[in-house]
Amino acid sequence: MSEKQRTPGWVWAAFGCIFAAFAAAVFFVVVFVFGARKVREFEADLKDPVSREERVLEVLGADAMPDGFYPMVGFSLPFVFDMAMMTTTPPDESGEMAEGLGDEAFIYFKMLGRATQEEELYDFFEGKTNDPTVLRRQNISVNVRKLLDRGVIERDDTTVLWVVNEGTFGMGGGSARDGLATLMLFQCPGQKRLRMGIWMAPGPEAPAEGEELELTGTAGDPAEIEALVAGFRPCPTG
């Protein structure tokens, strides 16, 4: 593969910063099972803004991008793994995305999960446990300093459990940084695949002494979380 065709380093870094071990396995499946054709398709999608958006929307089951977000990567390995990444950093004049995920990004992935993995995650999202190390055990690189809030979005097509964390998270193309990481777990009736979203964004200003942290308008605001996922339709229909 030539230098021009090689996948940008930030793409694989973004895969790895969320679930390193599984991402490596996915890469080898793509290369050895689907071969060069699948890799070339992935490369073409990265460079074509229209195709890139189509892939992201397809993975999210959405008709349009959420306000303020731009598509970065949409990837699907049938029956194994799907991923979509978007950022608030716009592309350059040529339509190519900037290096790294920017200051604010959202990553969604769907994959086959283990029963014990799902049980641990559901216990954490539902508040049965408050041990954030469950995230590290699932290769999710969010170093939680403080759990700020939990909630549930009930819809006809899906239930979204969310947890807002303050801490440090890894970002492709750059070092770990502080901020908010809002994790979302999408429940689809009768489906055993694990569907998760991670919204990484700067945190609010530090509160004055004696005041509480103000999350209104941030990635930790329940209204903002609901607005972000309003157009997502991750559960199969029919």
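**Close-up 1. F75 and F81, two buried rings.** In this predicted model, F75 and F81 are both tucked away as buried residues. A search of the whole structure turns up 5 aromatic pairs, and F75 with F81 is one of them: the ring centres sit 6.3 Å apart. Their planes meet at 50 degrees, so this pair goes down as tilted.

**Close-up 2. Y108 and F186, an edge-to-face pair.** Here the ring centres of Y108 and F186 are 5.6 Å apart, and the planes stand at 80 degrees, which is why the pair counts as edge-to-face. Y108 is buried, at a relative accessible area of 2%. F186 is buried too, with 3% relative accessibility.

**Close-up 3. C188 and C235, joined by a disulfide.** The structure has 1 disulfide, and this is the view of it: the sulfur atoms of C188 and C235 lie 1.9 Å apart. The bond ties together distant parts of the chain, 47 residues apart. C188 sits in the loop between β6 (174-187) and β7 (193-201), while C235 is in the segment after α5 (222-229). Look along the S-S bond and you get -85 degrees, a left-handed link. Both C188 and C235 are buried.

**Close-up 4. R150 over the ring of F124.**

Key:
Residues numbered from 1 in each chain as written. Predicted model: local features only at pLDDT ≥ 70, side-chain atom pairs only at ≥ 80, totals over all residues. Heavy atoms only, no water. Disulfide = S-S within 2.5 Å. Helix = DSSP H or I, 4+ residues; strand = E, 2+ residues; numbered from the N terminus. Buried < 20%, exposed > 50% of the residue type's maximum accessible area, 1.4 Å probe, protein only. Phe/Tyr/Trp six-rings, centres within 6.5 Å; stacked < 30°, edge-to-face > 60°. Lys NZ or Arg CZ within 6 Å of the ring centre and 35° of its normal.
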